[in-house]
Amino acid sequence: MNFEVNRRDFQCRLLCGLTAAAAGTVLTPWSAAQAAETPAGPVLKVVATFSVLADIAREVGGPAVEVTALVGPNADAHVFEPTPSDVRRVAHADLVITNGLRFEGWIDRLIAASGYRGPIVVASRGIATRQLSGGADPHAWQSLANGQRYADNIRAALVAALAGKSPARVAEVEARAAAYQQRLAALERDTRACIDALPAERRRVITSHDAFGYFSAAYGVTFIAPRGWTTGSEPSAEAVARIVRQARESKASALLVENISDPRLIERIAREAGLKVGGELYSDALSPPGTEADTYVRMFEHNVRTLVEAMSVGVVGKASEAGDKPR
Ligand SMILES: [Zn+2]
């Protein structure tokens, strides 16, 4: 492998923060004149099951919606237990947004307990699901093409709900949705360019639970995880030993922890395999407001940047200090 060539040719706008999506500017053709004609303040109460869906609903809905997430930043939806205040929030909602694909095993009971009878949008509706032995993999938001489908399903649900309450806000939501789709499409192009620039044999990493199957299929990175796609059970000693063996045989470029999982498992594998932990990925939840991965777009940028930096040790930048030998 010629690292000099790789280093010179390596182009990753995400590493420099030069992306169109990062600008965060909503280029809306919706005019100030239209703004003056529409009522101020939110007209729809939206409850989303977890932080990623809540962010997409805020991006698309803008000032027309007031969005809350049941499972908040850095929290694990797989093991979430709704409280009486969650029941009340759902009871007072105008629209409920779920991921579907059995991600929220608690949602049917919660809806029933709340007496909510309004619309429920399943954000993943229409995506090509990834089938595993235990059923469909729910982590579909980890591909931006799926994220675009999520945004469109949410747009359609918001427009339908607003049409009955405040038709004047519909054009605003349509314009915001179109601008958001452009940002996601730009990030998709940047993500592909960054990962395609790495040699295929470097694109293998170890993470805590199998949350990146859609990312893997979309962008060509192999993820090895000691846990299945739910965090509800402890990995077997045998599964841990297998991962350590795979890591030792240098089939992985990096070990990465996840924001929602106990890092001790990955730290143990790193210790036993003699590898370093190469950073933190956001899998099933955003980070708190004002921090590095507090929106879906920023979460995706952070993950791609972290993965590319970890996988490119020995290829770009850190080549001289780390070498390309198994560590
Ligand atoms: Zn998960």
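**Around the open sheet**

A: Start in β10, where the bridge partner of Val257 is Glu280; Val257 belongs to β9. This is a predicted model, so local features need pLDDT of at least 70, side-chain atom pairs count only at pLDDT 80 or more, and totals for chains, interfaces and linings use all residues. Residues are numbered from 1 along each chain as its sequence is written.

Q: How many bridges join β9 to β10?
A: Three, and the two strands run parallel. Strands here are DSSP runs (E, at least two residues), numbered from the N terminus, and helices are H or I runs of at least four. Two strands pair if DSSP finds at least two bridges between them.

Q: What does the chain go through from β9 to β10?
A: It crosses through α11, and this β-α-β crossover is right-handed. That term means that, with the strands pointing away from the viewer, the path from the first strand over the helix to the second runs clockwise.

Q: And what's the strand order in the open sheet?
A: The four strands go β8-β7-β9-β10, with parallel pairing. The edges are β8 (222-224) and β10 (277-281), each pairing on one side only.

Q: Is β9 buried or exposed?
A: Five of its five residues are buried, so β9 is largely enclosed by the rest of the structure. Buried means 20 or more other C-beta atoms within 10 Å of a residue's own, exposed means 12 or fewer, and partly exposed is in between, with C-beta atoms placed from the backbone. Ala254, Leu256 and Glu258 sit on one side of β9, Leu255 and Val257 on the other.

Q: New topic: which residues have the most contacts inside the largest nonpolar core?
A: Ala57 and Ile154, in a core of 91 residues. Such a core is a set of buried Ala, Val, Leu, Ile, Met, Phe, Trp, Tyr and Cys residues joined through C-beta atoms within 7 Å. Its largest share, nine residues, comes from α12.
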